[in-house]
Amino acid sequence: INPKRDYFMSNQKPNDPLFQSLNMGGLTLPNRVLMSPLTRSRSSQPGDIPNDMNAHYYQQRASAGLILSEATQISPQGKGYAFTPGIHSQEQINGWKKVTGAVHSVGGRIHMQLWHVGRISHPELQPDGNQPVAPSAIKPEGAKTFISADSGMVDVPEPRALETHEIAGIVEQYRQGALNAQKAGFDGVEVHAANGYLLDQFLKSGSNHRTDEYGGSLENRLRLPLMVIQAVIDVWGKDKVGVRISPTGSFNAMYDNNPTETFGTFAKHLNDLGIAYLEVVEDSFQGNHANGRPEEVIEAIRAVYKGTYIANGAYTAKEARTRISEGRCDLVTFGRPFIANPDLPERFRENAPLNEWDDSTFYGGGEHGYTDYPTLEELETIA
Ligand code: PHB
């Protein structure tokens, strides 16, 4: 780990919407170029423990207005892919301390994304080889997960519906994850309620056919996600808690019969809770076709949610500037461009060309395709 540059807090640029600072829950973000939560599947084994290489990767990207950590399992049951990190053991907390320390040492800011995958898992990844859990016993057709280096990607099997008496335990997993993230030195947390994982499975009509108070009506489908967010707020305070949603996403076999109503109503509740921000996956994860009309859903959310709005979805710098100027969003998260460009804000600021990403190194492996993408400065040295 190489603590260097301290210019991160001073990278403002007059007249560029991406380089105006923003105060969010007491945290001053120096720019509007945020790093998306990105699964990279490079934790140390056994134990799914963040390591020095992971700390270096995040430190390289610390000029982001805010880093959102890769999705991180809050419990053994919340795990859905081999090599993804957790935040439920002391070793994992210690590993994440290296990450937050590395980011803070160069002036950066980082939230942890709290993750329970629900049905997107496999008995081989679950404690005691158990069936993965979900709101309802509905198999996500076509969804796959990565179970081991040998077996690779496999179909996700049919999950088991959670019993009503197990719901309190789910909330407790999130509360403990939030507490552990605090111990690990994060600046805040993001509750992952997107992309077909547990909370999204509860929110959307296609995956939640429950007949108890956690399913059926819209109010019932929102109940567990709101209980979880309240529990996380109880740990962190509302100013330090964000939520990620993907209203029209179809990734992981997701479907909702009325995303405008579902997510407009959810956003109204989130507004009343006063969370720090709402991050919206506006298209669909990696270009999976949308279910519903994104613009209509975004407008419904914007009409009721008055807090900080973070847009996500294959934005270019130009589109991000336009959307911020028009007041359609406050901040933008960038995923794949941040994988390939550790100094992405500087590149946007200078309108410099971008390194291209190599999708064969997104998941798993070592330094290659992870910490070896050059900065502009390094490219100039080579040239
Ligand atoms: C993935 O590991 O494929 C993954 C994780 C979290 C997401 C989306 C995809 O939100």
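Me: At what angle do α6 and helix α7 pack, and how far apart are their axes?
Reply: Helix α7 (residues 294-304) packs on α6 at about 25 degrees, and the two axes are 8 Å apart. Axes here are lines fitted to C-alpha atoms, for helices over the stretch in contact, and angles run from 0 to 180 degrees between N-to-C directions. Helices (H or I, at least four residues) and strands (E, at least two) are DSSP runs, numbered from the N terminus.

Me: Is α6 roughly parallel or antiparallel to α7?
Reply: That angle makes α6 roughly parallel to α7. Angles under 35 degrees count as roughly parallel, over 145 as roughly antiparallel, 65 to 115 as roughly perpendicular and the rest as oblique.

Me: Which residues make that contact?
Reply: From α6 you have P259, T260, F263, G264, A267, K268 and N271, and from α7 there are E296, V297, A300, I301 and V304. Contact means heavy atoms within 4.5 Å. By class, the contact of α6 with α7 has seven nonpolar, three polar and two charged residues. Ala, Val, Leu, Ile, Met, Phe, Trp, Tyr, Cys and Pro count as nonpolar, Asp, Glu, Lys and Arg as charged, and the others, Gly among them, as polar.

Me: Before I go on, what kind of model is this?
Reply: It's a predicted model, where local features need pLDDT of at least 70, side-chain atom pairs count only at pLDDT 80 or more, and totals for chains, interfaces and linings use all residues. Residues are numbered from 1 along each chain as its sequence is written, and side-chain values use heavy atoms, with hydrogens and water left out.

Me: OK, back to helices. How do the axes of α5 and α6 cross?
Reply: Helix α5 (residues 218-236) and helix α6 (residues 259-273) have axes that come within 11 Å and cross at roughly 30 degrees. The two are therefore roughly parallel to each other.

Me: Which residues are in contact there?
Reply: On the α5 side, L218, E219, R221, L222, P225, L226, I229, Q230 and I233; on the α6 side, E261, T262, T265, F266, H269, L270 and L273. They divide into nine nonpolar, four polar and three charged.

Me: And what about α1 and α2, how are they packed?
Reply: Helix α1 (residues 52-60) packs on helix α2 (residues 90-105) at about 30 degrees, and their axes are 8 Å apart. That pair is therefore roughly parallel too. D52, N54, A55, Y58 and Q59 of α1 meet W96, K98, V99, A102, V103 and S105 of α2. Six of these residues are nonpolar, three polar and two charged.

Me: Switching topic: which residues surround the ligand?
Reply: T39, Y81, W115, H192, N195, Y197, F251, F285 and Y363 do, each with a heavy atom within 4 Å of the ligand.

Me: How far are polar side-chain atoms of T39, H192 and N195 from a ligand oxygen atom?
Reply: For T39 the distance is 3.1 Å, for H192 2.8 Å and for N195 2.6 Å.

Me: What about the backbone, where is the cis peptide bond?
Reply: The cis bond joins Q45 and P46, with omega about -5 degrees. P46 is in the loop between β3 (33-35) and α1.

Me: And which residue has a positive phi although it is not a glycine?
Reply: That's N15, with phi about 70 degrees. N15 sits in the segment before β1 (22-24).

Key
Polar contact = N/O pair within 3.5 Å; in protein donor to acceptor, adjacent residues only side chain to side chain.
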